[in-house]
Amino acid sequence: MKLTVWTYEGPPHVGAMRVATGMRGLHYVLHAPQGDTYADLLFTMIERRNHRPPVTYTTFQARDLGADTAHLFKDACRDAYDRFQPEAIIVGASCTAELIQDDPGGLAETMGLDIPVIPLELPSYQRKENFGADETFFQIVRHLAKPCEKTPRITCNLLGPTALGFRHRDDIEELTGLLSDMGVDVNVVAPMTASPSEIARLGAAHFNVMMYPETCEAACRWLKREFGQPYTTTVPIGVGATRDFITEVADLAGIEPKIDENRLRLPWYSASVDSTYLTGKRVFLFGDGTHVKAAARIARDEMGFEVVGLGCYNREFARDIRALAKEYGVEPLITDDYLEVEQTIEALQPEMILGTQMERHIGKRLGIPCAVISAPVHVQDFPARYSPQMGFEGANVIFDTWVHPLVMGLEEHLLHMFREDFEFHDEAGPSHHGGHTPEPLQPAADEEVSMADETAPPAPDNVIWLADAEKELKKIPFFVRGKARRNTETFALERGVQEISIDTLYEAKAHYAR
C-alpha cells in the first residue's frame with residue numbers, strides 16, 4: 001500500500017461493496033472507521049444509482065480504540081439485520097479495521113442470526129479491488145449455491161457483472177438477447193440483479209457464461225468442479241470475439257451456431273471510412289486485462305490500427321498481457337502507477353490512447369486523443385442510453401467511441417483550408433465557448449517566409465515558392481497536397497523556372513492532367 005493521488009483499484013473491501021451493491025436482498029456489514037464511508041459516493045455520484053449501497057459501517061473513531069471495539073461490530077450487525085431484514089449478510093473489515101484484528105466473521109457467528117452470515121477474508125495489504133470482488137462472489141456462491149435439477153430448456157448463468165462495472169448493465173441486456181436468438185435462456189444473472197435465493201439456483205443451468213474473469217473466474221471454477229457446469233472462456237467484445245463466443249456457446253449447448261449480423265455495422269464502417277485516419281493509426285492500450293486483450297484484437301484486426309504498446313494494472317492478468325504483448329511485438333506494461341503509464345505514453349508518442357479515465361486525463365495533458373475502454377471510469381461513462389461493449393451492438397458502440405476523438409480526413413482538410421480564418425486559426429479558442437472572441441490572425445512581417453507549410457518537405461535549393469502559390473497550394477486536400485507540391489517542383493525544374501507562382505502551379509496541374 002502506498003500514498004497516491006489517484007489509483008486504478010481501491011482496496012478489496014471496495015470490490016466486496018461492488019458485489020453487494022449489485023445484488024438484492026444481501027447486506028454488507030463493514031468494520032471500518034468513519035473515514036472509510038467515502039465509498040458510497042462511488043455508486044451514488046459516479047454510477048448515478050438512485051439508492052445507497054446496502055452497507056452498514058461500524059464507524060469506530062479514535063477514542064474507541066482504547067476500549068473493546070467488538071461490541072461496536074455486533075451492535076452494527078444486529079441493527080442491520082433488524083432494519084433491513086436481508087436474506088443473507090456478508091461481513092468483513094476495511095484495510096484500517098484489519099489492523100485491530102477484531103475478526104468480524106467470528107463475531108458474527110456467535111450472534112446466532114437465522115440467516116446465512118458469510119465471512120470475508122480479504123487481505124487488504126496484499127490484494128486489491130478486483131480480487132475483492134472475485135473472492136466475495138466466490139464465497140457467496142460457495143455458501144449459498146445448492147445442487148438442483150437442470151432446467152428442461154437449455155439455460156446458462158451470466159456471471160461477473162457488478163455495480164460500478166464498465167457498461168455491465170447494458171452488456172447483460174445484449175448477451176441475454178444474443179443467447180435468446182440462439183435458443184438459450186438465462187437462468188440467473190449474478191452478482192448484479194441476483195438475490196441470495198437466486199444464487200441457490202445457479203446449479204440448475206447447463207453451463208455458465210464468464211462475462212468478466214476479473215470478478216467471477218473463481219466462482220466459475222468452483223461451479224465446474226462441484227456441479228459439473230462448464231463455462232465459456234471467450235469474452236464477446238468485438239466482432240471476431242462475438243463470433244467465437246457464439247461458436248463456443250453452441251458447442252456447450254449442443255446446438256447449431258446461429259449468427260444474426262443484421263445489426264452489425266463495424267466491419268463495413270471501418271472498411272469504408274477515410275483510411276487516412278484509421279489505417280495504421282498508432283495506438284496505446286491500457287486498462288484491466290480482459291478489456292485490453294479484447295481491445296487489442298479489435299484495434300489491429302477490425303479497425304486497422306497499429307498497436308505500439310499495451311499493458312494492464314491488475315497483476316493477476318500479468319501473464320496473459322505479457323503473452324499478448326509478445327504476439328503483437330511490443331513491450332508489456334504491468335503497473336498500477338499512473339505516472340509510469342504517462343511516461344510510457346510520452347516515450348511512445350501514439351496517435352491515440354485506449355485506456356481508463358486516468359489515460360483520458362493523460363491524453364488531455366499530452367494533447368493525444370483518448371477513448372475509454374475499461375474501468376475505472378467517471379460519470380460520463382455511465383450513460384443514460386443503451387451502450388454495451390459486448391455483442392454486435394457493442395461492436396457498433398466501440399466503433400463510434402473510438403472514432404469520435406479522431407480528426408476525420410474531411411475535417412482535417414477543412415481545418416487546413418481555413419487555417420487562416422479568424423475563427424479557425426491555431427491561436428483561436430473553441431468558437432462554441434461563450435464569451436470567447438477569436439483574435440484575428442496577424443500576418444507575419446515577412447509574408448513569403450511565414451506562408452511556408454510547416455509539414456511540407458523543403459523545396460529544391462534552386463526553386464522558391466512565392467507566397468500566393470503557397471497559399472493556393474494549401475487549398476488542395478492534405479492527402480494529395482504532397483504529390484501536387486512534388487509535381488509542381490518537378491515541372492518548374494524541367495523548365496528552368498526558379499520562382500513558383502500561381503500560374504506555374506496551374507500550368508503544372510494542366511500538364512500532369514493530360
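In this predicted model, the chain has an average pLDDT of 86, and 84% of its residues reach a score of at least 70.

| Stretch | pLDDT | Contacts beyond near neighbours in sequence |
|---|---|---|
| residues 432-438 | below 50 | six contacts |
| residues 443-455 | below 50 | 17 contacts |

Helix 1 spans residues 12-22, and because eleven of its eleven residues are buried, this helix is largely enclosed by the rest of the structure.

An open sheet is formed by five strands in the order 10-9-8-11-12, with parallel pairing. Strand 10 (332-334) and strand 12 (370-372) are the edge strands, each of them pairing on one side only, and the twist from one strand to the next averages 20°. Within this sheet, strand 8 (residues 282-287) and strand 9 (residues 306-312) run parallel and are joined by six bridges, and Arg282 stands opposite Glu306 of strand 9.

Helix 12 (residues 318-328) packs on the sheet, where it touches both strand 9 and strand 10. The direction of helix 12 makes about 165° with that of strand 9, a strand that is itself joined to strand 8 in the parallel arrangement described above.

Notes: Residues are numbered from 1 along each chain as its sequence is written. This is a predicted model: local features need pLDDT of at least 70, side-chain atom pairs count only at pLDDT 80 or more; totals for chains, interfaces and linings use all residues. Side-chain values use heavy atoms; hydrogens and water are left out. pLDDT is the predictor's confidence in each residue, from 0 to 100. Contact means heavy atoms within 4.5 Å. Buried means under 20% relative accessible area, exposed over 50%, partly exposed in between (1.4 Å probe, protein chains only). Helices (H or I, at least four residues) and strands (E, at least two) are DSSP runs, numbered from the N terminus. Two strands pair if DSSP finds at least two bridges between them. Axes are lines fitted to C-alpha atoms, for helices over the stretch in contact, and angles run from 0 to 180 degrees between N-to-C directions.
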